[in-house]
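Trainee: I have a model open on my screen and would like to walk through it with you. Could we take it piece by piece?

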Amino acid sequence: MRYADGGGLTPAGRQRRESVRIQAVGLFEQKAKPSEVARRLRVSLKSAYQWHRLWRDGGAAALVSCGPSGSRCRLSPYCLEKLTRFLEEGPAAHGWVEDQVWTASRVATLIGRKFHVSYSVSGATRLMHRLGFSPQVPARRVAERDEQAVIAWKEATWAEVKGPGRPGGGYVCFEDEAGFTRRPPRGRTWGRRGRTPVVTVSGRRSGRLSVAGLIAMRPGSRTRLCHRLRTHPAGKGKRRSMDERDFIALVDSVHQLVKAPIVLIWDRLNTHVSRKMRDLVAERTWLTVFLLPAYAPDLNPVEGVWAHVKRSLANLAVMALDRLETLVRNRLKRLQYRPDTLDGFIAGTGLTLDAPAYLDESKSVAR
């Protein structure tokens with residue numbers, strides 16, 4: 001791909017390519033054939049023959065990088081830096097208040113307004129690529145979210161959770177719930193150009209599957225995933241979600257599994273903060289509960305579990321509710337045997353636990 005500065009490689013990339021060609025020169029000087037050079041350097045046979053011809057006609061200097069090709073960028077490095085800041089501010093800050101979409105046409109208009117330089121739509125597209133931008137589907141964040149409250153929670157509450165006051169040997173657990181129906185999420189698939197694929201789904205209410213998931217982590221131990229499922233058949237007057245007893249049963253089962261105190265972190269769902277739930281928590285001396293700030297799903301790693309499972313169920317064929325329950329159990333069972341993936345969900349939240357002092361001392365003694 002050719003970018004606005006004339007080349008599709010960064011200076012580091014051009015240097016890496018040049019080092020491969022210099023290795024080819026050394027092999028040519030040792031009487032190696034182009035086919036052998038292609039095999040040893042893992043390059044195409046065509047490139048090896050081209051390099052051999054250039055080396056034969058001009059020596060090693062013919063394979064030295066000449067820098068980026070093409071015309072120079074019409075904006076100076078200082079202007080490019082300012083343009084990057086303008087783009088990161090969003091389109092609303094520059095007059096496009098009806099939506100939150102940067103288009104190549106708007107970028108070209110912005111460049112003309114700010115720097116009095118004319119860019120075409122295709123030129124603006126290449127310039128965006130050069131600056132490290134790419135077309136993406138943005139993540140959503142509700143307007144009611146209080147960023148200051150989220151920052152304060154990280155600095156105060158999370159510091160208390162992972163601090164020395166946590167019960168010795170205790171697990172930190174994140175809990176969240178999700179719902180699954182017979183109407184699956186849509187996912188990308190191959191189809192003939194100009195003909196949108198059609199997926200047949202259920203057109204009526206046919207029950208719901210509620211799942212509560214819990215990720216338990218502790219420094220020095222394998223990250224665990226536990227879950228509890230409940231089906232809700234279709235019908236008027238029937239509950240379509242889990243109650244306090246379901247959630248506390250999940251926590252009890254995790255406590256029996258890990259045999260250690262639990263510090264539980266979950267959102268402000270009404271069943272999490274009800275009087276009945278507070279009474280159930282008070283009966284368990286080994287359980288400490290912290291609430292996440294409002295509208296902060298990015299702080300809960302279980303949200304990554306639901307996204308992972310729902311992607312695997314995209315474009316699901318029409319099936320009975322019990323068959324859907326079997327599939328969801330199967331997907332969650334797979335994740336239970338992939339602790340590295342669970343650790344990735346935790347790392348995505350930016351919330352990590354420091355190893356306690358006694359673990360550091362034991363490692364030093366072992367060494």
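This is a predicted model: local features need pLDDT of at least 70, side-chain atom pairs count only at pLDDT 80 or more; totals for chains, interfaces and linings use all residues.

Trainee: Which residue in the turn of the E2 and E3 hairpin has a positive phi?

Mentor: Six residues lie between E2 and E3 in this hairpin. In that turn, a positive phi of about 85 degrees belongs to Gly 220.

Trainee: What is the bridge partner of Ala 178 in E2?

Mentor: Start with strand E1, residues 171–180, which is antiparallel to E2 and joined to it by nine bridges. Within E2, the partner of Ala 178 is Val 211.

Trainee: Why is strand E2 largely enclosed by the rest of the structure?

Mentor: Buried here means under 20% relative accessible area. Strand E2 spans residues 208–217, and it is largely enclosed because, of its ten residues, the number buried is nine.

Trainee: Which helices each supply at least two residues of the lining of the largest pocket?

Mentor: That pocket holds about 960 Å³ of space. Its lining has 24 residues, and among those closest to the centre are Trp 102 and Gln 136. By class, the lining comprises 13 nonpolar, seven polar and four charged residues. The helices you want are H4 (77–89) and H6 (121–130).

How values were computed:
Residues are numbered from 1 along each chain as its sequence is written. Side-chain values use heavy atoms; hydrogens and water are left out. On a 1 Å grid over the protein atoms alone, a cavity is a set of points where a 1.4 Å probe fits but cannot get out, and a pocket is an open set with protein on both sides within 12 Å along at least five of seven lines; lining residues have an atom within 4 Å of a point. Grid points are joined across faces, edges and corners, and a volume is the space filled by probe spheres set on the points. Helices (H or I, at least four residues) and strands (E, at least two) are DSSP runs, numbered from the N terminus. Ala, Val, Leu, Ile, Met, Phe, Trp, Tyr, Cys and Pro count as nonpolar, Asp, Glu, Lys and Arg as charged, and the others, Gly among them, as polar. Buried means under 20% relative accessible area, exposed over 50%, partly exposed in between (1.4 Å probe, protein chains only). Two strands pair if DSSP finds at least two bridges between them.
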